[in-house]
Amino acid sequence: MYVRPKAPLDFEDIAAKLRRRDPRRLWRSVDELACTPEYEAFLHDEFPNDPAKEPTTAKHLLNRREALKLMAASAALSGLTACTKLPTEKIVPYVRAPEEVIPGKPLFYATSIVDRGVAIGLLVESHMGRPTKVEGNPDHPGSLGSTNIFCQASVLALWDPDRSQTVLREGRVSDWPAFLAMADDLRTNLSSTKGSGLRILTETTSSPTFAAQMRSLLDQFPNAKWYTHEPCGNYGAQQGARLAFGRNVNSVYRFDKAAVVVSLDSDFLDDGAASIRYSRDFTNWRGIETPQAQMNRLYVVENTPSLTGAMADHRLPVRSSDIENFARSLAAALGLAPQKTGSHVPDQWFKALVGDLQSHRGTSLVLAGPSQPPGVHALAHAINGTLGNVGQTVIYTDPVEASPEGDSLPDLVKEIEAGQVSTLIILGSNPVFTAPADLQFAQQLLKVPLRVHCGLYDDETAEICHWHVPQAHFLESWSDARAYDGTVSIVQPLIAPLYHGHSLHEMLAVLTGDIGKSDHDLVRDYWRKQRSQVSQQPFDNFWQKTLHDGLMTGTALPGVSPKLSLDYGKLPDPPASNAQAIEIVFRPDPTIGDGRWANNSWLQELPKPLTKITWDNAIALSPATAWRLGLTTGDVANLSIGGLKASGPVWALPGHADNSATVTLGYGRKRAGNVGTGFGLNGYLLRTSSAPWVASGLQIQKTGQNYLFAETQIHHPIDRNGQQVEEESENAFARDLVRIATLAEFRNNPQFAKDPEEEIARNLSLVQPYKYEGYAWGMSIDLSRCTGCEACVIACYAENNIPVVGKYEVMAGRDMQWIRVDNYYRGDLTNPETYFEPVPCMHCEKAPCELVCPVGATLHDHEGLNQMVYNRCVGTRYCSNNCPYKVRRFNFKLYSDWVTPSLYGLRNPDVTVRSRGVMEKCTYCVQRINEAKITAEKENRFVRDGEIQTACQQACPAQAIIFGNINDPNSRVSKLKRQTRNYSLLAELNTRPRTTYLAKLRNPNPEISST
Ligand code: SF4
């Protein structure tokens, strides 16, 4: 376990040390740079075997025991089921088997997941009726076959035993008929008042069927009202469009056409339902195959380091509240708005950016992030207009949302205060946890005479409602939604509701009097009525095709041409900027979003992409600000702003803007479930409705307490930090693990990633090389494409039945992920370049792990796979010690949950569930390889290129991972390995890894580079 020194790290000393070093040299963490005795001690004892070195305080013992019970999704239920006699269940074989179900053969169905109202198309794998794995739908414009971490983890949420399982009335078990009886009485009462006092609160929705149901409800009860609350909604963009055009529009970005992109605090590569598609379009410019090819260029101006910022060719850390000034300056420089205030941006940097935009009229793109105020969005529209980008790199359509605009929760609270709400129906939302603190929503809600909640969990809102109805998961229900471009996407169930849940359509049907109508009938009937508008085919044919495809072809919203009517003089003044006052910035958490994913153990254990913290959030500060305040990573601080208070641990984050603190939302849950309750700092306690994203005047007070993070940034180091620095030449560090060049350098020297010494080493061997006939499997990972999103990591969890270990085992360095994404920094602490490197097993042809295994448990096969024979493994872990890449994971304890029944349903039946005492690691998804080989053999052919996709490859939105047969010179992977950018990790060891990398390219503006 890594326990940091209590004294603050001397960031000034670290910064000076960085200035003295070769600027090309990479570093992994501030702790590595400080190189304290505590850090060195952790490295030297990275894999603690000795139980005496495990956490021994009562607190840690208790928590570790709890953590062990959390191994997958549950805790309490696993204990309960272990000691409860289950009713006898007889297995009854099919009398007549469903025609399409063949045991052992999975089926795939198209459906959609919805993120903040916007659909992402999916294909879900079903084994004998059990959904086990989610993939992207290749035909869907929002996914193109890829996914993000939330899509991948959604299948665990389906099987989560902590989901709400019964109707509750005032906290006691009730049932659906009792709820229907109450609803019947309610309808009768509402009819006489035309719905007076009835209020419905939903999240953002784009479902045409839901919107039609709401219209029907409001027709029946004209005095009723519909409110929306989306904790991390894109409301700034809606208001910004109104400022610019006088109406709301949806912006669809064409990154495939944008050669120069300027992001104003927009994390478009990672945040939002469109980010999967945008990642693909953006990174298609980055994975260039020849020096002559063109690359796009990305400028990012942001407060909090993001994945988009990490991909930037030029990143500028600017306080969130100063970004509007930057946007105004940019507009002024392009001949638009009058300049009012300075933007605190280096002059040459700014001029070069303006010049780049002006020379890319029609092929540039400026976009603003959801956390920016309406003025920034309006200015981005104006800038795109003047650069001729509208209709080229940005297309406007009507809004995709069907719900009312804006966050109307404050209006609802006003109505409650005025006594105008007698019945509040909360559908799918958890406002008691997510509402801004100034609304005091819990207290207000208690004033409503009848409170009804429908949600996936018996959560903070359910607790104080009279009625709670379990919501059906999206893999259990029918619905529809629009994709980012408006394409109508179908949500269809893969399984009947596990816990008697009901969809939101069914809840509305109860209110509209359509009781008994299923969500299937509601959705189908809606589209039957719309048929003439979407298809000329007979309805049954149209419907069958829609269900098969998962979407309605040709329903993307047509482009519109709103007229820019921005009055620069009437733009709301940007927030007063006091350079010394500290601002607080809120962001959705990178792995648990706004808190709705808090009970998902895969996502909790997934390291946050830029800090590598697991199971927690933190107060992120720039190292300079932390130093100024006398704080260091792990110090607990009290935060207060405008009378609101919270406390949490600090994290000094390189690249963060100074005098600004970022808190991610979603943590601090009180009723998330057994997995997610109790971790982290609740940012909603500091958030107000008037300043939902940024507020100035934060007070930070050091408490003197220290906090231990379960972080993985310092785990599994392969950059030789365990050795003395003097052993390595500066040059070795500079060229080593992540090979980087600018586009200009690549053009000058296409062979820059090659090392002649490696080529010599390849021919040095005491034994004759083995000749691989037939298939020889290999992988290529393009670092220029990789955005660090970690979808590959979660996909690997789902595909390979990887257990979670809990927070305290992560602290002990025992995380089990088979593929990790290493972060590297280059440059100073204030604005370092960030690089990502996914590291799975390298499947070395001369594997060091195999030589040292005393029982032959790790072996090579004739196709080059480095295999683990679990039954032979006796747990000496010599292989792990001898692996230079540190990719082997040992099952120290009984991490897999063997007792929770619902989790049986989750498991991939093609992959062994490992128990304690076994070494495990990436297999290149050998189960997928074997399935493809069996299919090919039956058809008397070879496996086709692209027929096998590893789980990480399939999930990757950037298409950074390519797998295939390297014996086939025409395979995609062979072609990539022939590129000049191809190199092997630690090739000088002559392990001959089958996984190789394509070096990272950046495309900085020469005018800025030379300054
Ligand atoms: S390789 Fe992994 S981390 Fe990199 S972009 Fe692909 S899925 Fe994301």
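Which residues of H10 are buried? They are Ser275, Ile276, Arg277, Tyr278, Ser279, Arg280, Asp281, Phe282 and Thr283. Keep in mind that this is a predicted model. Its mean pLDDT is 90, and 92% of the residues reach 70 or more. Here's a quick tour, starting with that helix and moving on to cavities, cores and a few individual residues.

**Helix H10 and what sits around it**

- Nine of the nine residues of H10 are buried, so this helix is largely enclosed by the rest of the structure.
- The cover over those buried residues includes strand S3 (118-127), H6, S9, strand S11 (297-302) and helix H11 (307-311).
- H10 turns up again in the next topic, as it spans residues 275-283 and gives two or more residues to the lining of the second largest cavity.

**Cavities**

- The model has 16 cavities of 30 Å³ or more.
- The second largest cavity holds about 770 Å³ of space.
- Its lining is made up of 39 residues, and the ones nearest the centre of this second largest cavity are Asn234, Ala237, Asn250, Ser251 and Pro370.
- Besides H10, the elements giving two or more residues to that lining are helix H9 (235-245), strand S9 (250-253), strand S13 (364-368) and helix H14 (374-386).
- H9 is the top contributor to the lining of the second largest cavity, with four residues.
- If you sort the lining of the second largest cavity by class, you get 18 nonpolar, 16 polar and five charged residues.

**Nonpolar cores**

- The largest nonpolar core takes in 179 residues, and Phe326 and Trp602 have the most contacts inside it.
- Helix H6 (residues 149-159) supplies the largest share of this core, nine residues; H6 is also among the elements covering the buried residues of H10.
- There's a second, separate core of 43 residues, with Ala618, Ala637, Ala652 and Ile700 among them.

- The pLDDT falls below 50 over residues 56-86, a stretch that has 64 contacts in the model beyond near neighbours in sequence.
- Residues 721-732 also have a pLDDT below 50, and here the model shows 13 contacts beyond near neighbours in sequence.

- The buried residues in H21 are Phe539, Phe542, Trp543, Thr546, Leu547 and Asp549.
- Those buried residues pack against strand S2 (107-115), strand S19 (488-491) and helix H20 (519-534).
- Just past the end of H21, glycine 550 has a positive phi of about 80°.
- Alanine 556 sits in the loop that runs between helix H21 (539-549) and strand S20 (559-560).
- With a relative accessible area of 36%, alanine 556 is partly exposed, because that value falls between the 20% and 50% cut-offs.
- Leaving out residues up to four places away in sequence, alanine 556 touches Asp485, Gly486 and Thr487.
- Alanine 556 and proline 141 are 415 residues apart in sequence, yet their C-alpha atoms are 9.2 Å apart in space.

**Positive phi without a glycine**

- Methionine 128 isn't a glycine, but it takes a positive phi of about 50°.
- You'll find methionine 128 in the loop between S3 and strand S4 (130-136), and it counts as partly exposed at 46% relative accessibility.
- Leucine 986 isn't a glycine either, and it has a positive phi of about 50°.
- Leucine 986 belongs to the loop between strand S39 (982-983) and strand S40 (995-998).
- At a relative accessible area of 5%, leucine 986 is buried, because buried means under 20%.

**Alanine 402**

- Alanine 402 is in the loop between strand S14 (394-397) and helix H15 (409-417), and counts as partly exposed at 30% relative accessibility.
- Not counting residues up to four places away in sequence, alanine 402 touches Thr205, Ser206, Ser207, Ala211 and Trp226.
- From alanine 402 to tyrosine 457 is 55 residues in sequence and 25 Å in space, C-alpha to C-alpha.

Note on methods:
Residues are numbered from 1 along each chain as its sequence is written. This is a predicted model: local features need pLDDT of at least 70, side-chain atom pairs count only at pLDDT 80 or more; totals for chains, interfaces and linings use all residues. Side-chain values use heavy atoms; hydrogens and water are left out. On a 1 Å grid over the protein atoms alone, a cavity is a set of points where a 1.4 Å probe fits but cannot get out, and a pocket is an open set with protein on both sides within 12 Å along at least five of seven lines; lining residues have an atom within 4 Å of a point. Grid points are joined across faces, edges and corners, and a volume is the space filled by probe spheres set on the points. Ala, Val, Leu, Ile, Met, Phe, Trp, Tyr, Cys and Pro count as nonpolar, Asp, Glu, Lys and Arg as charged, and the others, Gly among them, as polar. A nonpolar core is a set of buried Ala, Val, Leu, Ile, Met, Phe, Trp, Tyr and Cys residues joined through side-chain atoms within 4.5 Å. Buried means under 20% relative accessible area, exposed over 50%, partly exposed in between (1.4 Å probe, protein chains only). pLDDT is the predictor's confidence in each residue, from 0 to 100. Contact means heavy atoms within 4.5 Å.
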